[in-house]
Every structure is written in structure tokens, then in C-alpha cells.
Amino acid sequence: MAEKITITNTIRKLRFFANEMTQAQLAEHVGVSRQTIIAIESGRYAPSLELAFRIARAFGVEIGEVFVCEGGED
């Protein structure tokens with residue numbers, strides 16, 4: 001049986017360093033609701049791969065700088 005993986009993110013930190021971008025501003029930029037951004041930041045929702053890339057591009061970074069996978073099989 002595969003070990004459970006946990007996906008964490010650095011969105012809150014990236015928003016802070018992006019001139020304190022609000023959740024609403026990020027949501028508008030990537031085309032989702034503010035509630036979706038809140039759920040992703042808190043780890044209650046895993047975004048689609050497409051949305052994950054849009055979020056990374058909004059900050060001008062690679063996807064691995066936004067989302068980190070921990071656990072699971074190597």
C-alpha cells in the first residue's frame with residue numbers, strides 16, 4: 001500500500017513578498033474565487049495541475065517553489 005503524501009505550499013509567503021498581494025488579487029489573477037485560494041493555502045484543497053501552474057506563474061517562480069510534496073514512495 002502506498003504511503004500517504006502531503007502537499008504543502010508557500011503561497012502565503014509568496015503573496016507577502018509580492019508586495020503583500022491579497023488573496024483576492026491572486027484569485028482574480030489566476031481565475032478562481034478567494035475561497036479557493038484560502039482553501040489551497042490552508043491545505044484543505046489540492047489545486048489541479050493547471051491551476052498550480054497558473055499560481056506559480058502569477059509569482060514568476062517554478063511550480064516546485066510553490067508546492068512541495070512530502071511523504072509517499074520515492
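Reader: Why is E41 called buried?

Author: E41 has a relative accessible area of 10%, and the term buried applies under 20%, with exposed over 50% and partly exposed in between (1.4 Å probe, protein chains only); E41 is therefore buried. The model is a predicted one, in which local features need pLDDT of at least 70 and side-chain atom pairs count only at pLDDT 80 or more, while totals for chains, interfaces and linings use all residues. Residues are numbered from 1 along each chain as its sequence is written, and side-chain values use heavy atoms, with hydrogens and water left out.

Reader: How do you know that R12 and E41 form a salt bridge?

Author: Their closest N and O atoms are 3.2 Å apart, and the rule asks for a side-chain nitrogen of Lys or Arg within 4 Å of a carboxyl oxygen of Asp or Glu, so the pair qualifies. This pair links distant parts of the chain, with R12 in helix α1 and E41 in helix α3, 29 residues apart. R12, at a relative accessible area of 53%, is exposed.

Reader: Why are E50 and R54 said to be separated by about one helical turn?

Author: E50 and R54 are 4 residues apart in helix α4, which means a separation of about one helical turn. In general, an α-helix has 3.6 residues a turn, so residues three or four places apart point the same way. E50 and R54 form a salt bridge in which the closest N and O atoms are 2.8 Å apart. E50 is exposed at 54% relative accessible area, whereas R54, at 31%, counts as partly exposed. Salt bridges that share partners join R12, R15 and E41 into one network, and the count of salt bridges comes to 3.

Reader: What makes residues 34-41 a helix, and which of its residues are buried?

Author: Helices (H or I, at least four residues) and strands (E, at least two) are DSSP runs, numbered from the N terminus, and residues 34-41 form helix α3. Its buried residues are I37, A39, I40 and E41, and they pack against β1 (5-9), α1 (11-17), α2 (23-30), α4 (49-59) and β2 (67-71). Just after α3, G43 takes a positive phi of about 80°.

Reader: Why is I38 called partly exposed?

Author: I38, placed in helix α3, has a relative accessible area of 25% and is therefore partly exposed. Leaving aside its neighbours within four places in sequence, I38 is in contact (heavy atoms within 4.5 Å) with Q23 and R44.

Reader: How do you know that the radius of gyration agrees with a compact globule?

Author: The radius of gyration is taken over C-alpha atoms, and the globule rule is 2.2 Å times the number of residues to the power 0.38. For 74 residues a compact globule would have a radius near 11 Å, and the protein chain has 13 Å, which agrees. The chain follows the pattern β-α-α-α-α-β along the sequence, and its C-alpha trace spans about 40 × 20 × 20 Å along the principal axes.
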